Amino acid sequence: MKEGYKLIYEGPKTLVDRRMHYCPGCFHATIHKLLMEVIEEMDIQEKTVGVCPVGCSVFAYDYMDVDMQEAAHGRAAAVATGIKRMLPDRFVFSYQGDGDLAAIGTAETLHACNRGENFTFIFINNGIYGMTGGQMAPTTLEGQKTSTSPYGRDPEKIGLPMKMAEIVSQFDRVAYVERVSCDTPAHARKAKKALRTAFEYQGKKLGTTFVEVASNCPSGWKMTPEESLKWLQERVFPYYPLKVFKKPEKEEA
Amino acid sequence: MPAKGYVEIDIERCKGCGLCVLSCPTDCLALNTSDTNSYGLHYAYLDDEDKCIACMNCAVICPDAAITVYKKEEDRKEQRS
Amino acid sequence: MGELRLMKGNEALGEAAIRAGLQGYFGYPITPQSEVIEYLAQQEPHHNYTLLQAESEVAAVNMMYGAGGAGARVLTTTSSPGFSLMQEGISYIAAAEIPCLFCNVVRGGPGLGTIQPSQSDYFQSTKGGGHGDYHPIVLAPNSVQETVDFVYLGFELADKYRTPVTILSDGAIGQMMEKVVLPDPIEYKPNKPWATTGKTKDRERNILTSLYIQSEDMEKKNIKLQKKYEKIKKNEVRYEEYNTEDAEIIITSFGLTSRVCKKTVDVGRKEGMKIGLFRPQILWPFPWNRLGEYGDKNHVKFFISIEMNAGQMVEDVKLAVCGKKPVHFYGRMGGIVPDPIEVLEHIKKIKE
């Protein structure tokens, strides 16, 4: 460190000190980092248990220095339910992609929300199945080309993209739902705030908390990281707006 | 005028995604197009040291937590004036 | 006659299905077979089949049930974790006697496992996999060409016996590129009076179900299924014999490992060993009778099953040989493919 300067920011210690495998520019890495900062700042590393999905973030347990369980594809909400019911005083989160949460895991997701399970969903929505080579997801945009929608998603054949934040907001016992992104520093700071808020509400036992991240996939979208931000801003945000969909009426249980 | 801050970028952690370069309000970061790290990626670096204002935008946006930010300690004389 | 191409296993499977009269494909991406659905999605505008990426394998197998029950020629492909999800559906399909073609491109397990090739789903495929007394017919190709041929065969057998058929492939066969002769496209004209297409005035309504609450009815249904399986056992046995006429050592192997073992036989024979390969091409019904005949032959000293699992087909080999000669096993797991010399060395150790 240079003389006369002080350290004002470094990566969180709760992030394992190793290079993450995610593609350059991928928001999975960004959210891993922001989430681990929240856990460090709240000093809850010893009380946190996470559930990771099947998808690009299947190796999340290699990077997050907290106890974690690998769930079968789509079942993270059920696994998190099991953990939280047995350990209600721990901070439990599920971390899932769009295939995991909105395709194969829809039943588990909706039922956990309906029951008001007191854990935090972190939903990384990038409109594509990255790990398996870029197939269409339930959240792929109309007209978007993927390897299983090579001519563009046709709503006549398979419907419009699903809006999970909007859907889960309908449940009475879901306390807090916000959609965020990490395309600008301002948005990334807001994303971190949302994660922190979700965990605080979980600590107050207010019900299910759900943070959806409108995320990117430069590799799957066949774009540079910079182009992927433009796609988010021009095409994704108009359909998937960044906002708070629901928050608790009373901030105490 | 000396910089208000400076950043250190972990060359091997950096993936050359360029998001920090885009996010810097003073354009003091750049990708090193004449060198690569051991993964073959053009890493980012502090190109113009005088312009850093320690806003932390780069560190916040960096997906790989590859950036450390330092801020100048406030000088007593400067504070009074 | 046919078209010669260099193709990746997964894509060849998709192309074969199209040529064999595919009418419906319902699947979900999973490594190492996502290329099948991607290929079929690419080709869709040029053909008449329906393709749907389901929300999960559970949904996919039930779409198969519905579409197959409506009389269509249907295919789904998946890999081990996804195939596990389909087992309930396959039990229903077997019970309701709906023709369906499955392909499991096996990867290492158990659990999420690895994406490398394996043969550890043999039990799951041949012993039923789901609940109840039933057996899908299980075809085990060992090359891209055989995969293509078995797509045609699989569809035919499914229709002929009104039963689910599984092609048991693996990650290597799915990913490798080989020369393949693609058969000419057929014009598929099904005749399925039992299908649920709408009750017309000339017939009773068609019901496809697997629910038989009265025990006597359930037993009758099971007897009917068992009679069908006896017929299949009699008529649909298929195997390949390589240098077994005078062999002292008989290697039993299927799929990818059989190709490794062919080389083992070649090297062994060059060194003067009397060694041969017996390769079941259809795993259920297993060629118990034919393999059992080798047990009676004087020149045979022992059998050894070479597999990429902890020892699965070897149990059927033991059943066939029925204690007449020793049956050994050698296998690799986790997606590791044994090499021919490694296998030969192991066999030599046993010989001593």
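The model is predicted.

Start with chain A. It holds 9 helices and 8 strands. Its C-alpha trace spans about 50 × 50 × 30 Å along the principal axes. The radius of gyration is 18 Å, which agrees with the value near 18 Å that a compact globule of 253 residues would have. Buried residues account for 57% of the 253 residues.

Now turn to the partner chain. The contact draws 27 residues from chain A and 26 residues from chain B. On the chain A side, four elements each supply at least two residues: strand E1 (5–9), helix H1 (27–41), helix H7 (185–203) and helix H9 (225–239). E1(A) gives the most, with 5 residues. By type, the chain A side divides into 15 nonpolar, 5 polar and 7 charged residues.

E1(A) also pairs across the contact. Its partner is strand E4 of chain B, residues 67–72. The two strands run antiparallel, and 4 bridges join them. Within this pairing, A:Lys6 stands opposite B:Lys71 in E4(B).

The largest nonpolar core has 99 residues. Inside this core, A:Val211 and A:Val213 have the most contacts. H1(A) provides the largest share of the core, 8 residues. H1(A) is also among the elements on the side of chain A that touches chain B.

Finally, look at C:Pro340. This residue sits in helix H12 of chain C, residues 340–351. Is C:Pro340 buried, partly exposed or exposed? It has 18 other C-beta atoms within 10 Å. A buried residue needs 20 or more and an exposed one has 12 or fewer, so C:Pro340 is partly exposed. Beyond its neighbours within four places in sequence, C:Pro340 is in contact with C:Val260, C:Lys263, C:Thr264 and C:Val267. C:Glu236 is 104 residues from C:Pro340 along the chain, and their C-alpha atoms are separated by 30 Å.

Notes
Residues are numbered from 1 along each chain as its sequence is written. Chains are lettered from A and ligands numbered from 1 in the order in which they are written. This is a predicted model: local features need pLDDT of at least 70, side-chain atom pairs count only at pLDDT 80 or more; totals for chains, interfaces and linings use all residues. Two residues are in contact if their C-beta atoms, placed from the backbone, lie within 7 Å. Ala, Val, Leu, Ile, Met, Phe, Trp, Tyr, Cys and Pro count as nonpolar, Asp, Glu, Lys and Arg as charged, and the others, Gly among them, as polar. Two strands pair if DSSP finds at least two bridges between them. A nonpolar core is a set of buried Ala, Val, Leu, Ile, Met, Phe, Trp, Tyr and Cys residues joined through C-beta atoms within 7 Å. The radius of gyration is taken over C-alpha atoms; the globule rule is 2.2 Å times the number of residues to the power 0.38.
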